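These questions and answers are meant to be read with the sequence and the structure in view. Please look at both before going on.

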Amino acid sequence: MNHPFLLIIVKVTIFSLMLAMGIKFSLETMFSFWRKPALLFRALFAVVVLVPLVVVALLKLFNLPLEVAMGLVFLAASPGAPLTTKRTKMAGAKSSQSASLQLTLALLAVIITPLTLAIFTILFQSIPEKLTMLDVAKQVTIVQLLPVSLGLLLQKYGANYAVKVEKSLTFIANFLFFILVILACIIGFPLLFKLWGLPLVAITIMVIVSLGIGHVLGGPDEDHRSILAISCIARNIGLALFITILNGLEKQVIPTIVAYLMVGAVLGVLYSIYHKRKLAKLP
């Protein structure tokens, strides 16, 4: 599969997912988390600061292959996965607060993603810097900030029309994401055997520690714990793939992204089952 075709698929998929997200959730939904500044700070600190620091520690402690290191870096720089709300609902969390954090991360990605990548290139000179912060910010604006903003505006000023198109657009966006995941697996699966051993251990550690960070910083409220835990591991796979392709590194890095997707899905489901059972025992 050639690079331009895959890039187009990734762009269309991310744009569709973000537009559907903006249409589905209102500005009022987004503000629900903002009304709890202490919780919002802990959530952003966990997802945006501590998870990338986990990757920094892994790169310092382990002599990982460059392609694996870059994959973890691109994932660390890509918060706010489109399907986070669905995953947190599996863990028994309230969808409104999860959606609020998800929208917030999607909007802030235009700043978070290029800044995180820039910090990693400073800390690790072996990581190639093919795109400037401004280049990344422009691309993230086009595929993520713009469609989310359009969706939110349509929800606010054209609610009747938004209701009509939301289900169809969500179906199309989810279908495109499914196709994208399949294509990524086709490209990356033949090379997954190279990730056995230390790379797979590093990926597993990243997922487990990220879950722990979110769970602890969620505080005593079990609902907040599950939201932060899942949000920490739910990296934006589409955005990570987009950055990978823009850097011309899809063949080297996609196996790491696919491996993270698999490990994150398995451990995320196990956490959700554990947490939902815990909630069921509460009075």
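**Contacts, burial and pockets**

Q: With the side chain of which residue does the side chain of histidine 215 make a polar contact?
A: This is a predicted model, in which local features need pLDDT of at least 70 and side-chain atom pairs count only at pLDDT 80 or more, while totals for chains, interfaces and linings use all residues. Residues are numbered from 1 along each chain as its sequence is written, and side-chain values use heavy atoms, with hydrogens and water left out. A polar contact is a pair of N or O atoms within 3.5 Å; within protein, one must be able to donate a hydrogen and the other to accept it, and residues adjacent in sequence count only if both atoms are side-chain atoms. At 3.4 Å, the partner of the side chain of histidine 215 is the side chain of arginine 225.

Q: Does histidine 215 count as buried or exposed?
A: Histidine 215 lies in helix 9 (residues 198-217), where helices (H or I, at least four residues) and strands (E, at least two) are DSSP runs, numbered from the N terminus. Buried means under 20% relative accessible area, exposed over 50% and partly exposed in between, for a 1.4 Å probe and protein chains only. Because its relative accessibility is 15%, histidine 215 counts as buried.

Q: How many Å apart are the C-alpha atoms of histidine 215 and serine 226?
A: Leaving aside neighbours within four places in sequence, histidine 215 is in contact (heavy atoms within 4.5 Å) with residues including Glu222, Arg225, Ala229 and Tyr271. Serine 226 is 11 residues from histidine 215 in sequence, and their C-alpha separation in space is 6.3 Å.

Q: Is the ring pair of tyrosine 271 and tyrosine 274 stacked or tilted?
A: Tyrosine 271, in contact with histidine 215, is buried at 10% relative accessibility, whereas tyrosine 274 is partly exposed at 43%. These two tyrosines are separated by about one helical turn, because they are 3 residues apart in helix 12. Rings of Phe, Tyr and Trp (its six-membered ring) pair if their centres lie within 6.5 Å, and planes under 30 degrees apart count as stacked, over 60 as edge-to-face and the rest as tilted. With centres 6.2 Å apart and planes at 55°, the pair of tyrosine 271 and tyrosine 274 is tilted.

Q: Which residue caps the N-terminal end of helix 11?
A: Helix 11 is largely enclosed by the rest of the structure, because 9 of its 10 residues are buried; among them are Ile237, Leu241 and Phe242. After helix 11 comes glycine 248, with a positive phi near 70°. At the N-terminal end of helix 11, a side-chain oxygen lies 3.3 Å from the backbone nitrogen of glycine 238, and the residue that supplies this cap is asparagine 236.

Q: What is the relative accessible area of serine 100?
A: Serine 100 is placed in helix 6. Not counting residues up to four places away in sequence, serine 100 touches Thr29, Met30, Phe31, Ser32, Phe33 and Trp34. Serine 100 is buried, with a relative accessible area of 0%.

Q: Which helix supplies the largest share of the lining of the largest pocket?
A: A pocket, found on a 1 Å grid over the protein atoms alone, is an open set of points where a 1.4 Å probe fits, with protein on both sides within 12 Å along at least five of seven lines, and lining residues have an atom within 4 Å of a point. The largest pocket holds about 310 Å³, and of the 21 residues that line it, the closest to its centre are Leu83, Arg87, Ala234, Leu261 and Ala265. Helices that each supply at least two lining residues include helix 5 (84-90) and helix 11 (237-246). The largest share, 7 residues, comes from helix 12.

Q: How many residues does helix 6 give to the lining of the second largest pocket?
A: Val48, Leu53, Ile112 and Phe120 are among the residues that line the second largest pocket. Two or more of its lining residues come from helix 3 (37-61) and from helix 6 (95-123). Helix 6 gives the largest share, which is 6 residues.

Key
Grid points are joined across faces, edges and corners, and a volume is the space filled by probe spheres set on the points.
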